[in-house]
Amino acid sequence: MIKPLALAVALIVTPLSAFAANFVEGTHYTQVSDKAPSSEPKLTEFYSFYCHNCFNMETNYLPDIKANLNKQISFDSKHVDFMNSAIGTEVMRSLAVIQNVENKEAITHAMFTAIQGEAGANGHDHSAPGHQHEPQINSRDDIKKVFAQFGIDAAKYDELADSKDTDEKLALWRAQQEQFRVESVPTFIVNDKYAVNLSNIKTLDELIGLVNYLAIEKDAKAPASSGGSLGWLFLVFAAVIGLGRQQRL
């Protein structure tokens, strides 16, 4: 009878251990808002087309991160405004346009490449001494040339870039950059409440596990019908008693 009983206890207790958090606030993540978390689980990446670590993340890691997130978690990306310049604003607008057209991933990659060169996809710092790549993006006209490769003509680009929706997005991105204290990129914000401390994350699996925990479990309340931790204990004993009865039959 020992093995069936042990199995019953393991099956009941597994959810507790599986969802138990091994992540420490202040080490693995930081709370960046006192407001309630977003109504739906979400992961937001703040990045810049000028950031070589962002290009590396976009190319080599983000596809796996997205593929392994809990299916309830939505993903969004926002461009920071560290440059505070005319061309910086135009580049921010380009991401807002990308989010309203097809071929999003291909155009995103093309914008990174135009600014950093293809070597940036593997973490190469385009601003490092001796690097010869000259950014191909110095004006909106340069950006339009990138988009034209994907069938988006100049008129369509201007329409989307100068739209009210784009203006509102840029205002939100700037406000949230300040609100969430985004000082470096890439930065991951979970549920508009927690910032991932990437410098203390050792593996991709750890990063994915942390995001899933923060987005789904961190602020979740125990269902009323379960009775919290006492409810789990009741289920354990019920399972044990039930199997004991079956063994006596």
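The buried residues of helix H2 (residues 52-60) are covered by elements that include strand E2, helix H3 (62-68), helix H5 and strand E4. Here contact means heavy atoms within 4.5 Å, and buried means under 20% relative accessible area, exposed over 50% and partly exposed in between, with a 1.4 Å probe and protein chains only. Helices (H or I, at least four residues) and strands (E, at least two) are DSSP runs numbered from the N terminus.

The model is predicted, so local features need pLDDT of at least 70 and side-chain atom pairs count only at pLDDT 80 or more, while totals for chains, interfaces and linings use all residues. Residues are numbered from 1 along each chain as its sequence is written, and side-chain values use heavy atoms, with hydrogens and water left out.

The chain as a whole holds 10 helices and 5 strands. Of its 249 residues, 43% are buried. Among contacts between residues at least 6 apart in sequence, 76% join residues at least 24 apart.

His52, Cys54, Phe55, Asn56, Met57 and Glu58 of H2 are buried. Two packed helices are described by the angle between their axes and the distance between the axes. H2 and H5 pack at an angle of about 150°, and their axes lie 11 Å apart; axes are lines fitted to C-alpha atoms, for helices over the stretch in contact, and angles run from 0 to 180 degrees between N-to-C directions. H2 is therefore roughly antiparallel to H5, a term for angles over 145 degrees, whereas those under 35 count as roughly parallel, 65 to 115 as roughly perpendicular and the rest as oblique. From H2, the contact is made by His52, Cys54, Phe55, Glu58 and Thr59, and from H5 by Thr108, His109, Phe112, Thr113 and Gln116.

The C-alpha atoms of Ala119 and His52 are separated by 9.0 Å, although the two residues are 67 apart along the chain.

The strands remain to be described. Strands of a sheet pair through backbone hydrogen bonds, either parallel or antiparallel. Here 5 strands form an open sheet in the order E1-E5-E4-E2-E3, with mixed pairing; two strands pair if DSSP finds at least two bridges between them. Strand E1 (29-31) and strand E3 (74-79) stand at the edges, each with a single partner strand, so one side of each has no neighbour in the sheet. From one strand to the next, the twist averages 25°.

Within this sheet, strand E4 (residues 187-190) has Thr187 and Ile189 pointing one way and Phe188 and Val190 the other, and all are buried. E4 pairs with E2 (residues 42-47) in the antiparallel sense over 4 bridges, with Ile189 as the bridge partner of Thr44. E4 also pairs in the antiparallel sense with strand E5 (residues 194-196), over 2 bridges. In that pairing Ile189 stands opposite Ala195, and Val190 stands opposite Tyr194. E4 and E5 form a hairpin with 3 residues between them, and Asn191 in the turn has a positive phi of about 55°.
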